[in-house]
Amino acid sequence: MSLFRKAAIAIPLIMAGVGQHAIGQLIYKADQAVQGFYCDQKAPETTEICIANEFGRTTQQLTENTISEYSPTLSSDHSVVVFEFTGALYRLTLQSGKIEELEGCQGLSLQEPSCSAATMRIVASGNSRSESNDVKRRPQLFLIPVSGGTPEQLTKPEDGAYYFPSWSPSGNSVCALRYVDGKTEAVVLSINSRETRSFSLDAKDGCVPTSLSWRFDGKRILVLLSGRDSSICEISLEDGSQ
């Protein structure tokens, strides 16, 4: 049984005041946040996946073990939470509580998974565990079925290093931060055509880009600028204005 209606979509969040590792995902219905998944530090070296309501209060703890789960993200059918642990991706089936590693990804070190709200697919940042070349070791974006399978590489190492991928509400595109030649860009990648659009991001008042996500309408992306005075930069995909 799903915990959420099919109309819900999910975007990444950083929740203040909910544990020491409160980074996860908000679940939206009709443009209103109603619940969220996050990781909460329960012991010095252990975090657990929890569900919180819109006020940041824990409503249910989903895991209880001796490992630290990070970056929980909800599948489009609301049956599975995918999370990261030491460079590997795992599935938590909500109905049974079963946890298993995603098959087909063992040769990669993967992080920051993001489940599409429209299709049963994951995009994650990662690289080969055996690669020694500095350029080829740059983290790239990979497309992976929620059920597991061979990851499909979406980007090229020579174009830069990619972090913090996030699906558009339609499931047709992903955005990510790209670092290349000392510069930081927000990149929007079409899943079907593989065409990209890039938007230059500069540090402002000592703040640097650290994550990004989509607006509910899919026409704008939000970039978190972290530092002494953190702020959010909004980029219009229609005209590129910030």
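Two strands pair if DSSP finds at least two bridges between them. Strands themselves are DSSP runs (E, at least two residues), numbered from the N terminus. With that in place, Thr184 stands opposite Leu201 in strand 17.

A word on the source. This is a predicted model, with local features needing pLDDT of at least 70, side-chain atom pairs counted only at pLDDT 80 or more, and totals for chains, interfaces and linings using all residues. Residues are numbered from 1 along each chain as its sequence is written, and side-chain values use heavy atoms, without hydrogens and water.

Four strands form an open sheet, in the order 14-15-16-17, with antiparallel pairing. Strand 14 (161-167) and strand 17 are the edges, and each pairs on one side only. From one strand to the next, the twist averages 25° (axes are lines fitted to C-alpha atoms, angles from 0 to 180 degrees between N-to-C directions). Strands 16 and 17 share six bridges, antiparallel.

Next, the core. A nonpolar core joins buried Ala, Val, Leu, Ile, Met, Phe, Trp, Tyr and Cys residues through side-chain atoms within 4.5 Å. Buried means under 20% relative accessible area (1.4 Å probe, protein chains only). The largest such core has 15 residues. Ala186, Val188, Leu212, Ile221, Val223 and Ile235 touch the most other members. Strands giving two or more residues include strand 16 (183-190) and strand 20 (231-236). Strand 19 gives the most, three. Another core lies apart, with 13 residues, among them Leu89 and Phe142.

Which residues does Ile235 contact, beyond four places in sequence? Contact means heavy atoms within 4.5 Å. Among the partners of Ile235 are Ala186, Phe199, Leu201, Ile221 and Val223.

How values were computed:
Buried < 20%, exposed > 50% of the residue type's maximum accessible area, 1.4 Å probe, protein only.
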